[in-house]
Amino acid sequence: MKRKSSKRSIPTKYTLLILTGFCVIVMFVSFTLNLSGGPLNTVAGYVFVPMQKGINFIGNWFISGVDDLKALRNVMQENKELQAEVDKLTQELNTIKLEQYELDDLRELMNLDKKYPSYEKIAARVIGSDGGNWFNTFLIDKGTKDGIEKDMNVIAGSGLVGIVIDTGPNYAKVRSIIDDASNVSGMTLSTADRCIVNGNLATMNEKQVIEFSDLKCDDKAIDIGEQMVTSHISDKYLEGILIGYVSTIERDSNNLTYSGTITPAVDFRHLYEVLVILDKKTILEE
């Protein structure tokens with residue numbers, strides 16, 4: 001019967017600890033004694049050089065990661081600053097565009113004012129609309145405190161916008177000539193033949209035109225592009241204000257009158273500033 005060996009094996013972790021301690025001692029002795037070329041230095045080279053390379057690699061990796069993180073933060077900050085600058089420039093550009101629109105409107109109003117010098121006028125800003133794509137009825141920021149009264153004519157762009165139908169101390173409501181409830185006594189500029197100009201939102205939506213009817217004129221006396229203005233017999237509209245340009249014309253079934261369409265002289269999709277003529281037709285007739 002064999003006897004059990006009394007020898008005990010050393011645990012692996014202790015072996016590793018002993019070897020590590022030995023390596024540290026060898027390295028210390030090697031560097032202390034400066035045994036260049038000696039066996040200890042050789043052992044240290046095989047053991048510690050790979051370890052040092054590994055440590056250097058890990059250290060460089062961490063340093064590179066930190067540098068990349070700093071660079072990313074810098075880029076994000078720069079992007080934030082650039083976006084803020086873009087937003088600022090965009091706002092400034094929008095402001096410039098709005099100011100340009102207002103400047104263009106004011107220039108048009110000045111030219112329009114010169115076109116009708118015999119009438120006293122006041123400028124007003126459009127502040128509200130009844131909705132839809134067209135300014136068929138809308139509010140302006142001037143009222144009775146500014147001398148505006150019902151039935152005063154309103155102009156903009158190149159010609160007639162409409163007429164004041166209601167007033168308050170600091171506002172007035174305007175019905176434009178394209179509104180379905182609007183009708184204006186018009187006449188052709190070249191022949192002074194009269195007709196009735198009717199607002200029509202349906203034809204404005206389809207072809208950007210309104211209608212005229214009951215035009216009595218000689219055959220082929222009126223061509224496309226003829227200017228239509230307010231007539232002298234209108235009870236509310238002052239004479240000679242440009243309404244628009246004849247776009248179509250055809251003889252009626254009675255062979256006595258003509259009907260057709262007019263392209264308005266005013267852009268009724270974009271109304272910002274208008275002129276209210278303070279002279280009323282009834283005052284001029286007295």
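M187 stands opposite V229 in β9, and that pair is a handy way into this predicted model. The strands behind it, β6 (residues 183-188) and β9, pair in the antiparallel sense over three bridges. Here two strands count as paired if DSSP finds at least two bridges between them, while strands themselves are DSSP runs (E, at least two residues), numbered from the N terminus.

Some ground rules: residues are numbered from 1 along each chain as its sequence is written, and side-chain values use heavy atoms, with hydrogens and water left out. Because this is a predicted model, local features need pLDDT of at least 70 and side-chain atom pairs count only at pLDDT 80 or more, whereas totals for chains, interfaces and linings use all residues.

**The barrel with β6 and β9**

- Strands β6 and β9 belong to a closed barrel of six strands, which runs β6-β7-β8-β11-β10-β9 with antiparallel pairing.
- From one strand to the next, the twist averages 40°; the axes behind that angle are lines fitted to C-alpha atoms, and angles run from 0 to 180 degrees between N-to-C directions.
- Next along, β9 and β10 pair in the antiparallel sense over three bridges, and Q227 has Y245 in β10 as its bridge partner.
- Strand β8 (residues 210-215) is joined to strand β11 (residues 258-264) by four bridges, and the two run antiparallel.

- T261 lies in strand β11 and is buried, with a relative accessible area of 15%.
- For reference, buried means under 20% relative accessible area, exposed means over 50%, and partly exposed is in between (1.4 Å probe, protein chains only).
- The T261 side chain makes a polar contact with the side chain of S247 at 2.6 Å, and another of 2.5 Å joins it to the side chain of T248.
- A polar contact is a pair of N or O atoms within 3.5 Å; within protein, one must be able to donate a hydrogen and the other to accept it, and residues adjacent in sequence count only if both atoms are side-chain atoms.

**The other barrel**

- There's also a closed barrel of six strands running β1-β2-β5-β4-β3-β12, again with antiparallel pairing.
- Neighbouring strands of this sheet are turned by 45° against each other on average, direction ignored.
- Within it, β2 and β5 pair in the antiparallel sense over four bridges, with F138 standing opposite V174 in β5.

**Aromatic rings**

- The rings of F135 and F138 have centres 6.1 Å apart and planes at 85°, so the pair is edge-to-face; planes under 30 degrees apart would be stacked, over 60 is edge-to-face, and the rest are tilted.
- F135 is buried at a relative accessible area of 17%, and F138 is buried too, at 1%.
- Elsewhere, R269 lies over the face of W134, at 4.0 Å from the ring centre; a charge sits over a ring if NZ of Lys or CZ of Arg is within 6 Å of the ring centre and within 35 degrees of the ring normal.

**Salt bridges**

- A search of the whole structure turns up six salt bridges, each a side-chain nitrogen of Lys or Arg within 4 Å of a carboxyl oxygen of Asp or Glu.
- Among them is K173 with D130, whose closest N and O atoms are 3.9 Å apart.
- K173 lies in strand β5 (residues 172-176) and D130 in the loop between β1 (121-129) and β2 (137-140), so the pair ties together parts that are 43 residues apart in sequence.
- K173 is partly exposed at 28% relative accessibility, whereas D130 is exposed at 53%.
- D151 and K236 form another one, 3.7 Å from N to O.
- D151 sits in the loop between β2 and β3 (153-156) and K236 in the loop between β9 (227-230) and β10 (242-251), linking distant parts of the chain 85 residues apart.
- D151 counts as partly exposed at 22%, and K236 counts as partly exposed at 38%.
- The side chains of R251 and D219 also meet in a salt bridge, at 3.1 Å from N to O.
- R251 is in strand β10 and D219 in the loop between β8 and β9, 32 residues apart.
- R251 is partly exposed at 37% relative accessibility, while D219 is exposed at 52%.

Technical notes
Rings of Phe, Tyr and Trp (its six-membered ring) pair if their centres lie within 6.5 Å; planes under 30 degrees apart count as stacked, over 60 as edge-to-face and the rest as tilted.
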